[in-house]
Amino acid sequence: MTEQTPQQLIEELDALLDAERAALVSGNLQELEPLLAKKETIITTLNMTADLEREALEHVQGKVSRNQVLLDSAMEGIRAVAARMAELRRVRKGLDVYDQSGRKTRFSTGGTPNLEKRA
């Protein structure tokens, strides 16, 4: 394998960041894992490069920041779905209510649970 110049590495990283953004925007999160491995390899190689100028990395730094915001948003959405699913599992087991004197009573839900979808 031939040694790549720092500029070639930066261009490859730029293309990977574009592919990462496309995967995040389209919701294809399974595509992120192979991209991450390639991205880490390139960044490690760039970190070991002595003759790298800061100006050469400014463009990709903006893309890295942009993708991090998208990734954070995707993780927030995943956490929200997980919390909602946990709440639905809890409700499926039964419903806790309080009477006028503050005593807790559990009503167990029997049968098949139905989920009502609302717009």
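Trainee: Into which domains is the protein chain divided?
Mentor: The bounds come from an automatic or database domain assignment. This is a predicted model, in which local features need pLDDT of at least 70, side-chain atom pairs count only at pLDDT 80 or more, and totals for chains, interfaces and linings use all residues. Residues are numbered from 1 along each chain as its sequence is written, and side-chain values use heavy atoms, with hydrogens and water left out. The protein chain is divided into domain 1 (1–52) and domain 2 (54–93).

Trainee: How much area do domain 1 and domain 2 bury between them?
Mentor: In contact (heavy atoms within 4.5 Å) are 13 residues of domain 1 and 13 residues of domain 2. Buried area is the accessible area (1.4 Å probe) that two parts lose on being put together, summed over both. Carbon and sulfur atoms carry 71% of the buried area, which is about 1100 Å².

Trainee: How many salt bridges are there between domain 1 and domain 2?
Mentor: A salt bridge requires a side-chain nitrogen of Lys or Arg within 4 Å of a carboxyl oxygen of Asp or Glu. Asp14 forms one with Lys63, their closest N and O atoms being 2.6 Å apart. Between domain 1 and domain 2, the count of salt bridges is 3.

Trainee: Which element gives the most to the side of domain 1 that touches domain 2?
Mentor: Helices are DSSP runs (H or I, at least four residues), numbered from the N terminus. The elements giving two or more residues to this side are α1 (6–26) and α2 (32–47). The one that gives the most, with 9 residues, is α1.
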